[in-house]
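Biologist: I would like to go through this model with you. Could we begin with the hairpins?

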Amino acid sequence: MISRPCLSALGALPLSLALAAPVIAAEAPPTWNAAVLTRAEAWYASPEARRIADNVLRHQSIEGGWPKNTPLGDPPRPDADPGLANTFDNQATTLPLAFLARVATATGDPAYVVAVQHGLDYVLAAQYPNGGWPQYYPLRGGYHDHVTFNDDAMIRVMRLLRHVASGRPPYAFIDDARRSRAETAVRQGVDLILKTQVRQNGRLTAWCAQYDAQTLAPAWARRFEPPSLSGSESVGVVRFLMEIDHPSPQVTAAIEGALDWFQVSAIHDTRLEDYIDPEGRPDKRLAAAPGAAPLWARFYDLATNQPIYMGRDSLPHGDLAAIERERRLGYAYVGEWPAALLRSTRPTGTPVP
C-alpha cells in the first residue's frame with residue numbers, strides 16, 4: 001500500500017494536479033507488479049493509468065476475481081490458461097483491487113468503481129464460515145481449498161479488507177454496507193488466526209502454511225510442502241497482528257508466543273551459499289559460518305521443532321543437501337524472514353531481545 005494519501009473525493013482532478021500531467025506522462029510505463037501502487041496520486045488519473053486499468057477490467061472474471069502470474073496491464077491473451085483465474089495466490093485479486101481503487105478514486109469513473117465493488121463482493125463471498133480463505137474460489141478441490149497462509153495469500157486479503165473497513169482513501173467511495181462486511185470478515189479472520197496457532201507443550205508457537213478447511217488440522221499443499229510450522233508465512237501473520245490497534249490479550253499473547261518461537265527456532269552459525277558443483281552446475285548449500293546472521297527454515301516439524309527439507313519424494317530430511325538439486329535451486333527452504341520482525345518492539349512496549 002502507498003503511504004501517501006490518495007484523493008478522497010471522486011470527480012475531476014484539481015488544476016494543480018492537471019498541470020502536473022505532462023511530467024507524469026513522461027514516466028516509464030510500469031510493469032504489472034506491486035510497484036503500480038507506488039505512483040504519485042495524480043498519475044492514477046493519467047491516460048497511462050486508465051489504459052492499464054481498462055486492461056485490468058478485461059481480466060476480471062464473471063465471479064469478480066483475477067488470475068495469477070498474468071500481466072494484467074496488457075490485454076488478455078487468447079491462449080491464457082483459464083485454470084489461473086479466481087485466486088488469491090501470488091497477489092492475484094488483491095493487487096488489481098488495490099490498483100483499481102486508486103484509479104477509481106482519482107477519476108470517479110463508474111466502471112472502475114463497479115469493478116472494485118464486484119471484486120470486494122467476490123473476496124467476501126470466498127471467506128469460509130470459520131473465518132479463513134481458500135487459495136482459489138470458487139472451490140476447485142485438493143489443496144487449493146485449504147485455508148491458505150502460504151505465500152501470505154490470506155494475510156493479503158485481510159490487509160486489503162482492513163483498509164476497506166477503515167473508510168480511508170483510496171477506499172472512501174466504498175459504501176457503508178461493504179465496509180461493515182469487511183470489518184466483520186477481518187474480525188472473523190483474526191479469530192481464525194488465533195485458533196490455528198500451534199501449541200507445543202502448552203506454549204504458543206507459530207502457524208502452518210495451510211490448514212484443512214473443515215477440521216483446521218495442518219495440511220499438505222504440494223508434494224514438497226508438508227504440514228509443518230512455517231518460518232516464513234508466520235512472519236506475515238505476526239506483522240498483521242502487530243498492526244491491530246488496541247489488541248486484545250489473546251492477540252498480544254499470540255504475538256509474544258510467536259516472537260519467542262522465532263528466537264528459539266533460529267539456525268545459528270550457518271549461511272546459505274551459492275556454489276558450483278563438481279559437474280560445473282550451480283547449486284546451493286548450507287555451510288558452517290560462525291557468527292553469521294541467523295537463518296530460519298521454511299518448514300519445522302510440528303512435534304520436534306526441527307527443520308524439515310523435503311523434495312518431490314515427499315520424504316522429510318534434516319539436511320538441505322539430501323533433497324534434489326532442482327528443488328534446492330527452485331524453492332526457498334531457508335531464509336532470514338523473521339529477522340526484521342525481531343528487531344521491532346513487542347506489544348508490551350519492550351524491544352525484542
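Modeller: In the hairpin of β9 and β10, which has six residues between the strands, Asn305 takes a positive phi near 65°. Strands here are DSSP runs of E with at least two residues, numbered from the N terminus. This is a predicted model, in which local features need pLDDT of at least 70, side-chain atom pairs count only at pLDDT 80 or more, and totals for chains, interfaces and linings use all residues. Residues are numbered from 1 along each chain as its sequence is written, and side-chain values use heavy atoms, with hydrogens and water left out.

Biologist: How many bridges join β9 to β10?

Modeller: Two bridges join β9 (residues 299-300) to β10 (residues 307-310), and these strands run antiparallel. Two strands pair if DSSP finds at least two bridges between them. Phe299 has Ile308 in β10 as its bridge partner.

Biologist: And which residue is the bridge partner of Tyr309?

Modeller: That partner is His317 in β11. Strand β11 (residues 316-317) runs antiparallel to β10, joined by two bridges. Five residues lie between the strands of this hairpin, where Ser314 has a positive phi near 65°.

Biologist: What about β6 and β7, in which sense do they pair?

Modeller: Strands β6 (residues 270-276) and β7 (residues 282-288) pair in the antiparallel sense, over seven bridges. Tyr275 has Asp283 in β7 as its bridge partner.

Biologist: Changing topic, is Thr31 buried or exposed?

Modeller: Thr31 counts as exposed because its relative accessibility is 56%; buried means under 20% relative accessible area, exposed over 50% and partly exposed in between, with a 1.4 Å probe and protein chains only.

Notes:
Helix = DSSP H or I, 4+ residues; strand = E, 2+ residues; numbered from the N terminus.
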